[in-house]
Amino acid sequence: MPTMYAAAERRGKKPAIFYDQRGTFDELHLPQRAEGFSAYPLAATRNEKRIAQGVGRVSERMLVGLLTLLAVATKLYRIGRRSSVSWDEAHFGKFGAKYINGTFYHDVHPPLAKMLVGLSEVLGGHNGTFDFKGGTEYPSFVNYSFMRQFNALFGIALTPMAYITCRQLRLPPAFATMAALFVTLDNAICVMSRFILLDAPLLAFTGLSALALSGLYRHRKQPFTEVWWQWLFGTGVALGLVASAKWVGMFAVALVGLFTIGELYELFCIPRLPVRLYVKHWAARIVALIVVPLCIYAMCFKIHFALLSRYDNSANFMPMGFQTKLRGNPISRQPYEIETGSAVRLQSHVSGTGYLHSHVHHYPLGSMRQQVTGYGYADANNLWNIERRAAAGTFDNAHDVSATAAPISGPIGHGDLIALHHNSTDTYLYADLGFEAPVSKQHREVSAVRAGGSEASRRNTLWRVEIVDPERRMDDGHLHPLGTPMRLHSALGNCVLLSSGERLDKNWGWGQAEIACGSHGTLWTIERHINKKLDPIDLGRFMSSSFVRDFAVLNRQMWLTNNALIPDHDKHNVLESEPLSWPFMLYPMRMVGWDDKSIKYLEIGNPLLWWGSAFLCVLFPVQALYWLICWRRRMLAWRLPAFREYFEGAAILWTGWFLHYAPFFAMGRVTYLHHYLPALYFGILFMAYQIYHISSWYAAPRVMSSILYMAVAAVVFVFWWFSPLTYGWDQPISKLWGMEWMSTWPVYEDKLAL
């Protein structure tokens, strides 16, 4: 490849990559005229240059407009044909409706894309009452066609962004047009843009990040100019948007981060660069690429909280202060003082644990006693009666207190010794240092023992109350609902009640959280207090709420919920697929039911684009290794500036593909084919980039044009061939011929279905 440049120069021809470095963006790749012609970029006067630039801009704007119109046609054609809730519209349409009726919900994704779905519902006239149950027909008051069209706008925006990105990376208009057509004519991107999903906004913001990065790269040698600042802050805004749509957007953040590190290292290697100027480079990037995205991300959650003001059970993991501010919450009105005889529901501060729980089933190992677990839903088995056995200050050592002492009336306070009686099974909470916890062997077992039995008379049933960081308005040394977190220390010594974070075996523990006893305990809060002798009051006036705390808790819970979405290897889910299969599109996904009378959609990409981009992306490291060997052996005939321009552009696109694809191999959660679409976008642009440069190395200009036309024609044909499954096929699938190019494709039958 590099040796072809030397040969081209000997023939007196300059390869296409050797553009004149003095040219600006708009001057590049203009048609070459006879020397002396006024529009010739290198011979023209300044005014003549401006005229040439203006002509180029107008023609390119028209070209981008035509490409955008094509994208509109492909994305909106028959978009409202299927009139029922399809695939994940059941989730995201419902979440969008929550912003209309104001009901809190919990999901694994950040809120921006779902708020955009909610905006489409508002603009479409939806009143927030439809529940988007999968497969049901849309009622007349839900303008589902408009909602899908709104979502499709993000898929449409990918086309002009792809064109501009490639132009910033110095592809000529013809090949930038080819790249934009490739993005427009991928069947998978098209079909995923035609429903009420989060993928189209994610792809649009991913494309915007790539565009902004390419512009920043293009103007990297003009630091602190107006245009450089615009691209820098534009990149920061794009990163904030893509990260706020889905966490997959963090891979775009990583791409920009790597590019920035490379830039700063390169600046560091300039000996005469003033330290003050170098610090200014750091400061500009910290503000634009870290502070700005974080502010946008946080602002999305601020709006999210402001719009969702009604209580839902999915808010039970949020801080108590946050819950009490939600309208219709069931926890604000409760008796204030916790006294002997009060029934309480204890909620763990460890996410995923839920409430302290017991049931009649026993451990199959260890002491074989009744199980004590953490359960995520409120029921009668979560209620425990508090019995004070000794008041703080009345004993020197817990060993001096008898577990059979009569309960002492009055409020429960810091340092008191209590017993917890499980109402449903008439048992007491019991710590046993003689047995390991069933899962986390470094901890001790916690169980429940029968009241009135010999074990109930032991000090194992006694627990010392330690109040930790109470609400300021409740800091009186007593236990209160919601606002006085506590630890429960066993009277036996160094053993504190905790949630280990582990799960019990599904066969005997139903996958509930393990509760144990160890040196470092868990905080517990009394979430529910029942005492008929005491009058309820509004506890909300005692509670405080902090956006920073609420923001942190919600993001932590999103992380835990996302990691809990693990595949069940005992079952086969026809929608799931492994990352290794994505680039080669081994398992396209049926998006809806497949009976003869239904309108059928298949998430299948354009095979030429998927396979071609995968081949070139996999080949690129080998290509780079070959160049490295040639450089070490002094066989490389590239001119350094030209080689660097090519390689850096290729590296940006290839790294974008790699960062959006490779991390899925390390994830334990379930994965689907549409997770590959952001990587595919970079892969398609990389494919167009490689087609241009490789053809310019080896082919004459006329042959290059032929390659371009043949590539576009082939992609157009394949897009048309699979379009029935993109726009919906309403006849028996057997009447659709030639759609199964691989034996694993589930077009006519699902080979993997059990």
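Trainee: How many disulfides does the structure hold?

Mentor: A disulfide is a pair of cysteine sulfur atoms within 2.5 Å. The structure holds one. C495 and C517 form this disulfide, with sulfur atoms 1.7 Å apart. This is a predicted model, in which local features need pLDDT of at least 70 and side-chain atom pairs count only at pLDDT 80 or more, while totals for chains, interfaces and linings use all residues. Residues are numbered from 1 along each chain as its sequence is written, and side-chain values use heavy atoms, with hydrogens and water left out.

Trainee: Which parts does the pair C495 and C517 tie together?

Mentor: Strands (E, at least two residues) and helices (H or I, at least four) are DSSP runs, numbered from the N terminus. C495 lies in the loop between β10 (486-490) and β11 (496-503), and C517 in strand β12 (residues 513-518), so the pair ties together parts 22 residues apart in sequence.

Trainee: Is C495 buried or exposed?

Mentor: Buried means under 20% relative accessible area, exposed over 50%, and partly exposed in between (1.4 Å probe, protein chains only). C495 is buried, and C517 is too. C630 also counts as buried, at 5% relative accessibility. C295, at 46%, counts as partly exposed.

Trainee: Where does I290 lie, and does it count as buried, partly exposed or exposed?

Mentor: I290 lies in helix α11 and counts as partly exposed, at 45% relative accessibility.
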